[in-house]
Amino acid sequence: MFTDKEISEINHLLVPESNIVIVTHHNPDGDAIGSSLGLKHYLKTKGINAIVITPNDFPKFLKWMPEAKQIVIGEYKRKVAGEAIYNADVIFCLDFNSPTRIGILGDWVTKSKAKKVLIDHHQMPEQFDYIYSDTTVPATCQMVYHFIQANNDENLVNIDIAQCLYTGIMTDTGGFRFRSTSATTHRIVAELIEKGADPAIITSNTWDTNTISRLHLLSLVLSRIELTKEGKVAILWLKRSELKEYGFDKGDTEGFVNYGLSVLGTKMAVFFMEDLYEDFIKISFRSKDSVDTNQFARKHFNGGGHINASGGKYFKSIEETISDFKEKVEAEDF
């Protein structure tokens, strides 16, 4: 957590007349959107308006959250996003550790004279004016709640804040089943439920939203799941042509990699997907126990993230990528 001195300094910057911007990473997920909107609604209870900006669009299954439709999407509204960042007094940087993770917003944020406040749970954060970084916390939404607690403002948490923060914690913990989910996480979730977050409604709005295209893609992926490394690693993949054939929409493949990890005896699952527009392979890694996908992704696939959940990209064909992966993972000791 920020020191008491830092909390005091940050709060002196957060006044109604300040221009506050909240940014999060490229391809925002539930934790990114939930923490950004949760923080926005919290500041609103203190009479402070903030603008949430994402580098690109985010999945439809996250757009039910309060004021999600007011988010400024940088790839669609470059001028609005650029002006807001240029005029900002404070920029909250949520759920990313480097300006390189925020796409087209990166240069604007770096050049901005605003004070930058980082709240993030990824490894190796770069330099910001104020840094709250903790890799042991499973979700940035939980860290936003800790920030609210540090201000002794739990009484300000309303249903909008609770819904957003609950969503991010739920999605980034894989439904509260990842190893980093702690007793503290569950205590916070209980408090969010008491503040109005409804687990049944949030789960339905976020996860029970399958389209026919998503189910067709999932059926295809599961029909050719492959095991390697004596059954310890599951491999799933999709080609660009298949995404187009079934009418892929952003977010359709969210969670596919977890099906690989559900196979009995697996320690790691990897999902390879050709990017829809550019010539690289997007890779999602998931693992169990102490199998470190973060180091593996950093070392071999231009990526990183958390021990049990990471991402990467590779600039070969999907066949070559999978072949290289098999060779590299065989050398791993787990």
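Modeller: Let's begin with a term: axes are lines fitted to C-alpha atoms, for helices over the stretch in contact, with angles running from 0 to 180 degrees between N-to-C directions. This is a predicted model, where local features need pLDDT of at least 70, side-chain atom pairs count only at pLDDT 80 or more, and totals for chains, interfaces and linings use all residues. Residues are numbered from 1 along each chain as its sequence is written, and side-chain values use heavy atoms, leaving out hydrogens and water.

Colleague: How do I read two packed helices?

Modeller: Two packed helices are described by the angle between their axes and the distance between the axes. Here, helix α5 (residues 140-150) and helix α6 (residues 159-172) have axes that come within 8 Å and cross at roughly 140°. That makes α5 oblique to α6; angles under 35 degrees count as roughly parallel, over 145 as roughly antiparallel, 65 to 115 as roughly perpendicular and the rest as oblique. Helices (H or I, at least four residues) and strands (E, at least two) are DSSP runs, numbered from the N terminus.

Colleague: Which residues in α5 meet α6?

Modeller: C141, Q142, V144, Y145 and I148 do, and their partners in α6 are I161, C164, L165, G168 and I169. Contact means heavy atoms within 4.5 Å.

Colleague: Is α5 enclosed or open, and how many of its residues are buried?

Modeller: Nine of its eleven residues are buried, so α5 is largely enclosed by the rest of the structure. Buried means under 20% relative accessible area, exposed over 50%, partly exposed in between (1.4 Å probe, protein chains only). Just after α5, N152 takes a positive phi of about 55°.

Colleague: And what about strands?

Modeller: In a regular strand the side chains alternate between the two faces of the sheet. Here, strand β9 (residues 268-274) and β10 pair in the antiparallel sense over seven bridges; strands pair if DSSP finds at least two bridges between them.
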